[in-house]
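This report describes the arrangement of helices and strands in a single protein chain. Please consult the sequence and the model while reading.

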Amino acid sequence: MKIGYIVPSCSVSGGMAVICQHANRLRKRGHEIVFLSTVEIRPMDWFPGQHVPIYDAATWEGSLDVVVATGWSTAFWLPRIEARVKCYFVQSDETRFHPDDSRWQHLTTLTYYFGVHYLTEARWIRAWLKDSFGHDAELVPNGLDPEIFSPAEPLEARGQKPRILLEGAIGLPYKGMREAFEVVQNIDAEVWCVSSYGAPEPHWHCDRFFEHVPMREMRNIYSSCDILLKLSRVEGFFGPPMEMMACGGVAVVGRVTGYDEYIVDGENALVVDALDIDAARDAVQRLIDDGALRGKLIAAGAQTAREWNWDSSIDTLEAYYAKLLSNPQCWYESSLRPKYDRSIAFAYDMMSRSILPEDILPTTAANAQEVFPPHVQRLAVYMANSSAFRRFADLARIGYHCYKKARGKAGSAKRRLKRLF
């Protein structure tokens, strides 16, 4: 089969790692797989064994049997890319990524109305797609790759204090990293942090910080730590706790969608309300103080990790694509949906290119008119939609990204010097 995955990023993330598992494992089985990137193409050597070629989605002209959207922003490309079968791999309820009632939340909701075939990684997502949109999604559970996640040589020998790992994108509030740092602020322990987006604030308790870590190096970090604290408020399948289990550690997690796919409170991890700082602190301290409990959870967690494998999931995925291709009634052009899906994509194009008052006005303002009078609002929207302003905004955006990259490198150098001296 010729299969294309439309990807929203080439950077390190849990969602992209799952897509890489699907694509590279199908490739090993003899299928022709491509990534179609909707952003700037960058090397994806952070994922071990990544051999799938990457092309620009906007200029792709090849033929495909199956094309798969992998996130809300990629779903709008489905009507544009030719393929017999079109699928949408849903890894979370992504409407929760955006402020309530915002343009982006509404546009994300529209993607779940596309007339394509749906598949997902978690039982709760399958139930949500059925209850909310009437889709009968194929369940393709995530697995764990023991060649990537298993006990490894620690980066640094443990000292007398326990070592706590905080993992998540600091720049995304729903990942709960600010709350996690609040939990460990006064715990007598060494704190390590891994973030793919954003750095710790200077006053946070952080002894060692890692960013944009290649996946092959994560097991050394997991194996260096005793406890993983993960307080995300939005998740799909929730991979890092299982990865920590596979590397010989134990996890304290927030009660978030997807945790119960494999976590049982008190059996292989401890579960708390994600926003209950005191309960999370008590759980971490309990693991520090109770060696017997910690040993029990570590042993059960290791067994849990052994029970989840990728081979059976890829069997399911391969059979699903083959079944859809074998039935002409499942082909996209056999349905009445293409013209309606193109209308949804058209609406996205129009809305994403326009600047609305919500993009300009402070979101915390109780009354927007008290901040900016109506005529100022109209002028701001008109200017923002002008081509001259867009060119200026593009230049400003490039400058800002360069500034952020330089600042990140300076921060990393400063922390390295601090450790040396």
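## Helices α1 and α10

In this predicted model, helix α1 (residues 14–28) and helix α10 (residues 310–326) have axes that come within 10 Å and cross at roughly 70 degrees. The two helices, α1 and α10, are therefore roughly perpendicular to each other; angles of 65 to 115 degrees are classed this way, while those under 35 count as roughly parallel, those over 145 as roughly antiparallel and the rest as oblique. Axes are lines fitted to C-alpha atoms, for helices over the stretch in contact, and angles run from 0 to 180 degrees between N-to-C directions. Helices (H or I, at least four residues) and strands (E, at least two) are DSSP runs, numbered from the N terminus.

On the α1 side, the contact (heavy atoms within 4.5 Å) is made by V18, Q21, H22, R25 and L26. Helix α10 contributes W310, D311, I314, L317, E318 and Y321. By class, the contact of α1 with α10 has 6 nonpolar, 2 polar and 3 charged residues. Here Ala, Val, Leu, Ile, Met, Phe, Trp, Tyr, Cys and Pro count as nonpolar, Asp, Glu, Lys and Arg as charged, and the others, Gly among them, as polar.

## Basis of the model

Residues are numbered from 1 along each chain as its sequence is written. The model is predicted, with local features requiring pLDDT of at least 70 and side-chain atom pairs counting only at pLDDT 80 or more, whereas totals for chains, interfaces and linings use all residues; side-chain values use heavy atoms, and hydrogens and water are left out.

## The seven-stranded sheet

An open sheet of 7 strands has the order β3-β2-β1-β4-β5-β6-β7, with parallel pairing. Strands pair if DSSP finds at least two bridges between them. At the edges stand β3 (54–56) and β7 (138–139), each with a single partner strand, so one side of each is left without a neighbour in the sheet. Within the sheet, strand β4 (residues 66–69) pairs with strand β5 (residues 85–90) in the parallel sense over 4 bridges, and A69 stands opposite Y88 in β5. Helix α1 lies across β1 (2–7), β2 (32–37) and β5, running at about 165 degrees to β1.

Residue I3 is found in strand β1. I3 is buried, with a relative accessible area of 0%; buried means under 20% relative accessible area, exposed over 50% and partly exposed in between (1.4 Å probe, protein chains only). Neighbours within four places in sequence aside, I3 is in contact with L26, E32, I33, V34, L64, V66, V68 and Y321. The C-alpha atoms of I3 and V85 are 9.4 Å apart, although these residues are separated by 82 residues along the chain.

## The six-stranded sheet

A further open sheet consists of 6 strands in the order β10-β9-β8-β11-β12-β13, again with parallel pairing. Its edges are β10 (208–211) and β13 (270–272), each with a single partner strand, so one side of each is left without a neighbour in the sheet. On average, neighbouring strands of this sheet are turned by 20 degrees against each other, direction ignored.

Strand β8 (residues 163–167) pairs with strand β11 (residues 227–230) in the parallel sense over 3 bridges, and with β9 in the parallel sense over 5 bridges. Residue L165 has L228 as its bridge partner in β11 and W192 as its bridge partner in β9. Helix α5 (residues 177–184) packs on the sheet, touching β8, β9 (190–195) and β11, and its direction makes about 165 degrees with that of β8. Helix α6 (residues 215–222) also packs on the sheet, touching β8, β9 and β10, with its direction at about 165 degrees to that of β9.

## Burial of strand β9

In β9, 6 of the 6 residues are buried, so the strand is largely enclosed by the rest of the structure. In a regular strand the side chains alternate between the two faces of the sheet. Both faces of β9 are covered, with E190, W192 and V194 buried on one side and V191, C193 and S195 buried on the other.

## Helices α8 and α9

Helix α8 (residues 277–289) and helix α9 (residues 291–307) have axes that come within 5 Å and cross at roughly 100 degrees. That makes α8 roughly perpendicular to α9. The contact involves R286, L287, I288 and D289 of α8 together with G291, L293, R294 and L297 of α9. By class, the contact of α8 with α9 has 4 nonpolar, 1 polar and 3 charged residues.

## The chain as a whole

The chain contains 15 helices and 13 strands. Of its 421 residues, 47% count as buried.
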